[in-house]
Amino acid sequence: MIPIKTPAELDLMRESGRLLASVFTMLDRQPLAGMSTLAINDMVERYIVDDCHARPASKGQYGFAYVLNSSINQVVCHGVPAAGDIVRDGDIVNLDITLEKNGFIADSSKTYVVGAVGAAARRLVRVAQEAMWQGIAQVRPGARLGDVGAAIDRHAKQNGYSVVRDFCGHGIGREMHESPEVLNYGRPGTGGTLREGMTFTVEPMVNQGTRKVATRDDGWTVVTGDGKLSAQFEHTVAVTATGVEVLTLREGEAVPKGVRG
């Protein structure tokens, strides 16, 4: 069963999403080059606890000791913050963060372009963000989950990239991972039917080369199978009566045409 949120629960999720969006607004102002991923992690934890008066929902979940995943260049997802892992000029780095407030969780990620990044990497990041929005644009009552995945996969392939299939979006609310699974590939007109009040994440991981991935010996860090770059974007969304509401929309972030609210 896919949970349907009540209007009161949606209001609480909006607040969690608003606070998480403010975390990224704070990060947007930071000069990430030269910072360790552990320093970024600690800064985000202080902001969530002290400024948002909220809980970093990832810390302690499944035994993970940190408040975010930091995935640089060929790291697809679940990168583990470390003092010796330095973000350098020319890197792309995905920061994936969760936040819980009043019992409800929001989840979002952004791939940052750090300094003098080459054109090929910038293009990958742009297409990954576009692919997320292509998926979000399909969300409305009566649409199918396959519509979301198909739109993501189609946009990535049209631009010469692949979409990781080993990980996907997910329902979210009182728990980090609820039903349904939101695949980043699929066939239009297939999969579960979307209903008003459903909340879930849309989070494509787009690779320059093969969609195949491998997990490092730490049991967390997932890298591309061929060592090429990967980029990811993620928002938590709610199905509305007429379309979709992006609960983690960030300050100044434009919603593309075609996304119906």
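**Figure 1. Pairing of T199 in strand β8 with strand β13.** In this predicted model, T199 has A238 of β13 as its bridge partner. Strand β8 (residues 199-202) and strand β13 (residues 235-239) are joined in the antiparallel sense by four bridges. Two strands count as paired if DSSP finds at least two bridges between them; strands (E, at least two residues) and helices (H or I, at least four) are DSSP runs, numbered from the N terminus. T199 and T201 point one way from β8, F200 and V202 point the other way, and all are buried. Buried denotes under 20% relative accessible area, exposed over 50%, and partly exposed the range in between, with a 1.4 Å probe and protein chains only. In a regular strand the side chains alternate between the two faces of the sheet.

Residues are numbered from 1 along each chain as its sequence is written, and side-chain values use heavy atoms, with hydrogens and water left out. Because the model is predicted, local features need pLDDT of at least 70 and side-chain atom pairs count only at pLDDT 80 or more, whereas totals for chains, interfaces and linings use all residues.

Figure 2. Three strands form an open sheet in the order β1-β3-β4, with antiparallel pairing. β1 (68-72) and β4 (104-113) stand at the edges with a single partner strand each, so one side of each has no neighbour in the sheet. Neighbouring strands of this sheet are turned by 15 degrees against each other on average, direction ignored. Five bridges connect β1 with strand β3 (residues 92-101) in the antiparallel sense, and D96 in β3 is the bridge partner of N69. Helix α1 (residues 7-28) packs on the sheet, touching β3 and β4, and its direction makes about 25 degrees with that of β4. Contact means heavy atoms within 4.5 Å; axes are lines fitted to C-alpha atoms, for helices over the stretch in contact, and angles run from 0 to 180 degrees between N-to-C directions.

Figure 3. S16 belongs to helix α1 and is buried, at 0% relative accessibility. Leaving aside neighbours within four places in sequence, S16 is in contact with L99, K101, F104, I105 and A106.

**Figure 4. The buried side of helix α2.** Helix α2 (residues 37-51) has 15 residues, which at 1.5 Å a residue should span 21 Å; its end C-alpha atoms are 20 Å apart, in agreement. The expected span is 1.5 Å times one less than the number of residues. T37, I40, N41, M43, V44, Y47 and I48 are the buried residues of α2. They cover an arc of only 165 degrees around the axis, which puts them on the same side of α2; the arc is that of the directions from the helix axis to the C-beta atoms. The buried residues of α2 pack against α1, β1 and β3. Just after α2, H53 takes a positive phi of about 50 degrees.

Figure 5. P31 lies in the loop between α1 and α2 and is exposed, with a relative accessible area of 60%. The C-alpha atoms of P31 and G115, 84 residues apart along the chain, are separated by 9.1 Å. I86 is located in the loop between β2 (75-77) and β3 and is partly exposed, at a relative accessible area of 24%. Not counting residues up to four places away in sequence, I86 touches G34, M35, S36, I72 and D91. Between the C-alpha atoms of I86 and S22, 64 residues apart along the chain, the separation is 24 Å.

Figure 6. The structure holds zero disulfides, a disulfide being a pair of cysteine sulfur atoms within 2.5 Å. The closest cysteine sulfur to that of C77 is in C168, at 11 Å, too far for a bond. C77 is buried, with a relative accessible area of 3%; C52 is buried, with a relative accessible area of 5%.

Figure 7. A sheet of three strands, open and with antiparallel pairing, has the order β5-β9-β12. Its edge strands are β5 (162-163) and β12 (230-232), each pairing on one side only. Three bridges join strand β9 (residues 205-207) to β12, and A231 in β12 is the bridge partner of V206. α3 packs on the sheet, touching β9 and β12, and its direction makes about 35 degrees with that of β12. The buried residues of α3 include L124, V125, A128 and W133.
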